[in-house]
Amino acid sequence: MSTQHILIVEDEIKIAQILRDYLENSGYQTTHLDSGIRVAETVRQQSLDLILLDVMLPGKDGMEICREVRKFSEVPIIMITARVEEIDRLLGLELGADDYICKPFSPREVVARVKTVLRRSGQKTEAESANGEIIQVGEISLDIQQHRAAIQEEEIKLTLNEFALLQVFLSQPNRVFSRNELLNRVQGYDFEGYERTIDSHVKNLRKKISKRLPHQEVIGAVYGVGYRLNDPPVEK
Ligand code: CA
């Protein structure tokens, strides 16, 4: 297996150095940028497997960068924030990041989170070598092998989390999934996630679906419980 390449965007040189040391000791290749200015350019030019993105950066902040990158790339992004309270705000912004880590962190925790996110991203590679499987419910189809989602046969771009969530929903239409269940299914039992992360990913997924199907509620919220995929969709 080729070495996986991680981009670290962090203006505090000491922290960046610690991250580089830990990640390289764990077998990853790293690139470091100390400002946000050249991130999008780097994502376009280099083959990256994951980005560790600090929120507070000189020049351009991590939130702006995340949005910018998401316009053209689904590369996994882990945001790093200085305050735990900020995670709520970041989730509310629906940036399309795959995970959040709070400073101060233990470098080991960061490596563990990186592994988890990469494993999920690698699952699509595994699926690629397995038999091609296409799940279709109503107008929506998922090609597991190609990691491709389509509505009315036209592709929609989804992040890893969104794709994984949609796969869970499509596997059992009309079944209600609790946030906790979704979290477990999508991110694995060893992931210390936040149930609110699920809300944020579901919100993004719904938004993308409703751009194509504005008059249908495909994914419904069940108050106090969780979410379900409506089959057939509910008219709005
Ligand atoms: Ca910073």
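Asp88, Leu91 and Gly92 in helix H4 meet Arg196, Thr197 and Ser200 in helix H8, where contact means heavy atoms within 4.5 Å. By class, that contact of H4 with H8 has one nonpolar, three polar and two charged residues. Here Ala, Val, Leu, Ile, Met, Phe, Trp, Tyr, Cys and Pro count as nonpolar, Asp, Glu, Lys and Arg as charged, and the others, Gly among them, as polar.

A quick word on what you're looking at: this is a predicted model, with local features needing pLDDT of at least 70 and side-chain atom pairs pLDDT 80 or more, while totals for chains, interfaces and linings use all residues. Residues are numbered from 1 along each chain as its sequence is written, and side-chain values use heavy atoms, leaving out hydrogens and water.

Helices (H or I, at least four residues) and strands (E, at least two) are DSSP runs, numbered from the N terminus.

| Helix pair | Axis angle | Axis distance |
|---|---|---|
| H4 (residues 84–93) and H8 (residues 195–212) | roughly 20 degrees | within 8 Å |
| H6 (residues 160–171) and H8 | about 80 degrees | 9 Å |

So H4 and H8 are roughly parallel, whereas H6 and H8 are roughly perpendicular. The cut-offs are under 35 degrees for roughly parallel and 65 to 115 for roughly perpendicular. On the H6 side, the contact includes Leu165, Leu166 and Phe169, and on the H8 side Ile198, Val202 and Leu205 are among the residues involved. By class, the contact of H6 with H8 has seven nonpolar, three polar and two charged residues.

Glutamate 195 also sits in H8. At 40% relative accessibility, glutamate 195 counts as partly exposed, meaning between the buried limit (under 20% relative accessible area) and the exposed one (over 50%), with a 1.4 Å probe and protein chains only. Leaving aside residues up to four places away in sequence, glutamate 195 touches Arg179, Asn180 and Leu183.

Now to strand S3 (residues 50–54): five of its five residues are buried, so S3 is largely enclosed by the rest of the structure. Leu50, Leu52 and Asp54 lie on one side, with Ile51 and Leu53 on the other. Strands pair if DSSP finds at least two bridges between them. S3 runs parallel to strand S1 (residues 5–9), joined by four bridges, and isoleucine 8 has leucine 52 as its bridge partner. S3 also pairs in the parallel sense with strand S4 (residues 77–81) over four bridges, and there leucine 53 partners methionine 79.

Conventions:
Axes fitted to C-alpha atoms, helices over the stretch in contact; angles between N-to-C directions. Parallel < 35°, antiparallel > 145°, perpendicular 65-115°, else oblique.
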